[in-house]
Amino acid sequence: MAEESVDRSEGFGERLLGLLLDRARVMPPQLIAPLVAEEVARIGGRDVSILLQDYAQEVLVPLPGSKLHVGQPQPVADSPAGQAFLSADVVETAQADGGVRMYLPLLDGSDQVGVMSLTLDTVGDDDRRLLRRLAGLVGDMLVTKNAYTDQFFQARRQEPMSVSAEIQWSLLPPLTMTVPQVEVAGILEPAYRVAGDSFDYALNDSILHAAVIDAMGHGLDAAAMATIAIGAYRHARRVFVSLAEKYAYMDDAISQQFGPDHFATAQLMHLNITTGELELVNAGHPAPLLIRDGRVVQQLESATTLPVGFGGEEPRIRQHMLQPGDRVLCYTDGIIEEHLTGGELFGEERLIRCVNRLGQEPSQGVRADLRKLSHTLKEERGGRTSDDATLFMIEWHGGAADHLAALD
């Protein structure tokens, strides 16, 4: 379509977004992506694809649908679509026919949902501005409609998933959150068979609440225990403020539901995102690693408390002060207790070496760096993930004043 025949004025863009929003409100989920392709055609766009990340975070999978360009899954690690996904920024590539292929990240808040790609004959600043807004709207619509359908889940699933993994994925918060003062990201392995590992977080005023748990056992028993533990944690978080009370609620819920022979290790944290003060309770969990300037500088030790479910005494809370740019890496024992060829344990030293080696490379952000670490650790283990292996990272950017001023 010739450029002069396409209305890309700001007024038209507002009408386009308004029309899309009005139509999408009552549109069946399976027609959302075709509707987007139809509306993109109004500004001269063609070959529209909606790509969603698979659960293992290895490829971006195209949604099927009429009016959509449905190609092959695109690797996250080495493709323009993957670059847009990991960087959360627009990527443009020149086409052989003279057009421009655009890859726009689909964001739900700061959580990457996927990528929308399309081709235009020419691209100007007005087009970029309109398409960024369109991609933001599409990301929100996909997340909203996801609650009403299995279609998006089925597109993302690249191999059979266990029932326990289905439960765990439905339990998780968004895998990434970014605000000016802090970022968090988490990843679960094996993505299609995970059972007892989970994490949760919430930002309430100036306090980031975070928890990482590892329920004993495998399969549905572990998934059920993780569900109870996270449910009790969320309940306590929404009623109380202290870490000790959270621990007590989780401990009581597990012991009442499963008896004295079942437990879950847990790491509970409060981070004041204004001051960098971190409060930590470690209930039988590996100590988190403090990463500064790309290197592990120490373990964040705390007095060891019994895992939840054993009726432990009130836990002692350890305080640490973070510096701007510090990262806190939490992990479950499936990372370090995997047996290598010959029976040797993977071990904490290997984990730290991997963190330090990757820390020498330019950072791509918490989400991309954590994904790369997870995949690197899997390669170092020879592809083995016989137990749940979870990573959860927090990066503190600094206090509120400077960051909020930058938003004005």
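Predicted model: local features only at pLDDT ≥ 70, side-chain atom pairs only at ≥ 80, totals over all residues.
**Entry 1: strand β1 and its neighbours**

I began with β1, which covers residues 46-53, and checked its burial. Six of its eight residues are buried, leaving the strand mostly covered. Next I looked up its partners. On one count, β1 is joined by five bridges to β6 (residues 111-120), and the two run antiparallel.

I then followed the chain from β1 into β2. The two strands make a hairpin with five residues between them, and Gln57 in the turn has a positive phi of about 55 degrees.

**Entry 2: strand β12 and its neighbours**

Is β12 largely enclosed or open? Five of the seven residues in β12 (residues 277-283) are buried, so the rest of the structure largely encloses this strand. I found six bridges between β12 and β11 (residues 264-272), again antiparallel. Met269 is the residue that stands opposite Leu280 of β12. This is a hairpin too: four residues lie between β11 and β12, and Gly276 in the turn has a positive phi of about 85 degrees.

β12 also pairs with β15 (residues 318-321), in the antiparallel sense and over four bridges. For a landmark I wrote down Glu277, whose bridge partner in β15 is Met321.

**Entry 3: rings around Tyr55**

I went through the aromatic pairs and got seven for the structure. The one I stopped at is Tyr55 with Trp169, an edge-to-face pair at 4.9 Å centre to centre with 70 degrees between the planes. It links distant parts of the chain, since Tyr55 is in the loop between β1 and β2 while Trp169 is in helix α6 (residues 163-171), 114 residues apart. I checked burial for Tyr55 and Trp169, and both are buried.

**Entry 4: a buried Asp**

Asp127 is in helix α4 (residues 125-146). Its relative accessible area is 7%, so I list Asp127 as buried. I asked myself what its side chain reaches. The contact I found is with the backbone nitrogen of Gly124, at 2.7 Å.

**Entry 5: salt bridges**

My search of the whole structure returned 18 salt bridges.

- Glu39 and Arg42 meet through their side chains at 2.7 Å, N to O. Glu39 has 0% relative accessibility, so it counts as buried, while Arg42 at 40% counts as partly exposed.
- Arg46 pairs with Asp97, with the closest N and O atoms 3.3 Å apart. This pair links distant parts of the chain: Arg46 is in β1 and Asp97 in the loop between β4 and β5, 51 residues apart. Arg46 is partly exposed at 26%, and Asp97 is exposed at 57%.
- Glu344 and Arg350 form a salt bridge at 3.2 Å, N to O. Glu344 is partly exposed, with a relative accessible area of 45%, and Arg350 is partly exposed as well, with 21%.

Last, I traced shared partners among the salt bridges. They join Arg23, Glu38, Glu39, Arg42 and Lys67 into one network.

Technical notes
Residues numbered from 1 in each chain as written. Heavy atoms only, no water. Buried < 20%, exposed > 50% of the residue type's maximum accessible area, 1.4 Å probe, protein only. Pairing = 2+ DSSP bridges. Phe/Tyr/Trp six-rings, centres within 6.5 Å; stacked < 30°, edge-to-face > 60°. Polar contact = N/O pair within 3.5 Å; in protein donor to acceptor, adjacent residues only side chain to side chain. Salt bridge = Lys/Arg side-chain N within 4 Å of Asp/Glu carboxyl O.
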